[in-house]
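Reader: Could we go through this model together, one feature at a time?

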Amino acid sequence: MLGRFGFSPLFSSSFLIRTFATSPSKSSQLRKLITSNDLEFIMEAHSGISAKIVQEAGFKGIWASGLSISASLGVRDSNEASWTQVLDVVEYMNDATSLPILLDGDTGYGNFNNARRLVRKLEQRGVAGVCIEDKLFPKTNSFIAKKQPLADVSEFCGKIKAMKETQTDPDFVVVARVEAFIAGWPLEEALKRAEAYRLAGADAVLIHSKKSTSDDIDAFMKEWNNRHPVVIVPTKYYNIPTDHFRKQGISLIIWANHNVRASIQAMQQTSKQIFQEQSIAKVESQVVSVNEVFRLQDENELAQAEKKYLPDQN
């Protein structure tokens, strides 16, 4: 059955899991979200344990945020963490969850050659897809108030083509992020770039805006006319009701950085309280138990494996 965009979600070869049942690949799960007739959602994570928490909350997919990963490493979101360091974090995240991960791949970490190598390495690790933005390397976070130069359209299209021609999994997803509104360009530039990236082979376009209203998104969607899946990140226009975007035909919403922001606040408050009180007595009831940490680490699985594989000590 054909979906809203004139094609049906593809499924790669299933893989064997412990129960010997078959399950869709992570890439096909992500492709299904991107091409769904319903509005779908993915949630930010930046570590193995945060990825597991996102899955337990009920989300269908994970956004491996460049901002959040760099923040968790204590560096700026300006490609100060190398792409291999980011990949190491994403590998831990992917191992910790059965959900598909869409990596925030910044600009692809260089030109077409860097970007296609990134695709190869992501596929090797079972990561479902990557989003790249049409800015220059090293990137600047979209919400930092400074000049945001954009990549040449033809160069960025070549990067998309190289990535799509490099992937071996037909369901691997490449999302092209349009930064025209971020850089102060008008609607016409955003539409021109989005259409060029669609024709270059991108599986979806992400339209980014830093306004507190949805005006940019509304104008784009009116002219776009659902010709290809659209992804949005409502970090700045968070007061707009979700149903507004559902009615517009948005395919996917990314809740892009709230887990790292929540964890920062919790750590700031806890550290300050312990420092001031020189005691953990009042804090203990405000944090999870050590046993909850063990549960999230799947300590029980190791205990069962030890019984199965280690010699009987009795």
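**A loop and its proline**

Author: P138 is found in the loop that runs between β6 and α6. Helices (H or I, at least four residues) and strands (E, at least two) are DSSP runs, numbered from the N terminus. This is a predicted model, in which local features need pLDDT of at least 70 and side-chain atom pairs count only at pLDDT 80 or more, while totals for chains, interfaces and linings use all residues. Residues are numbered from 1 along each chain as its sequence is written, and side-chain values use heavy atoms, with hydrogens and water left out.

Reader: Which kind of peptide bond joins F137 and P138, cis or trans?

Author: The bond between F137 and P138 is cis, with omega at about -5 degrees. Most residues other than glycine have a negative phi, and most peptide bonds are trans.

Reader: Where does phi take a positive value in a residue other than glycine?

Author: N226 is one of these, with phi near 55 degrees, and Q278 is another, with phi near 50 degrees. N226 sits in the loop between α8 and β9 (230-232), and Q278 in the loop between α10 (258-277) and α11 (290-296).

Reader: Is Q278 buried or exposed? And what does N226 count as?

Author: Q278 counts as exposed because its relative accessibility is 74%. N226 counts as partly exposed, because its value is 29%. The cut-offs are under 20% relative accessible area for buried and over 50% for exposed, with partly exposed in between (1.4 Å probe, protein chains only).

Reader: On to the sheet. How many strands does the barrel have?

Author: It is a closed barrel of 8 strands, in the order β3-β4-β5-β6-β7-β8-β9-β10, with parallel pairing. From one strand to the next the twist averages 30 degrees. Two strands pair if DSSP finds at least two bridges between them. Strands of a sheet pair through backbone hydrogen bonds, either parallel or antiparallel.

Reader: What does β5 pair with?

Author: β5 (residues 101-104) pairs with β6 (residues 129-133) in the parallel sense over 3 bridges. β4 and β5 also pair in the parallel sense, over 3 bridges. On the β6 side, L102 stands opposite G129, and L103 has V130 as its bridge partner.

Reader: Which helices pack on the sheet there?

Author: Helix α2 (residues 48-57) does, touching β3 (40-45) and β4 (62-64), and its direction makes about 150 degrees with that of β3. Helix α4 (residues 83-96) touches β3, β4 and β5, and its direction makes about 165 degrees with that of β5. Touching here means contact, with heavy atoms within 4.5 Å. Axes are lines fitted to C-alpha atoms, for helices over the stretch in contact, and angles run from 0 to 180 degrees between N-to-C directions.

Reader: Which residues cover the two faces of β5?

Author: I101 and L103 lie on one side and L102 and D104 on the other, and all four are buried.

Reader: What does G66 touch?

Author: G66 touches D77 and D104, leaving aside residues up to four places away in sequence. G66 belongs to helix α3 (residues 66-72) and is buried because its relative accessible area is 11%.

Reader: Now the helix pairs. How do α7 and α8 pack?

Author: α7 (residues 187-200) and α8 (residues 215-224) pack at about 55 degrees, with their axes 10 Å apart. That angle makes α7 oblique to α8. Angles under 35 degrees count as roughly parallel, over 145 as roughly antiparallel, 65 to 115 as roughly perpendicular and the rest as oblique. The crossing of these two helices is right-handed. A crossing is left-handed if the near helix is turned anticlockwise from the far one by less than a right angle, and right-handed if clockwise.

Reader: Which residues make that contact?

Author: α7 contributes L187, A190, L191, A194, E195 and R198, and α8 contributes A219, F220, E223 and W224.

Reader: And how does α6 pack with α7?

Author: α6 (residues 153-166) and α7 pack at about 30 degrees, with axes 9 Å apart, so α6 is roughly parallel to α7. V153, F156, C157, I160 and K161 of α6 meet K192, R193, A196, Y197 and A200 of α7.
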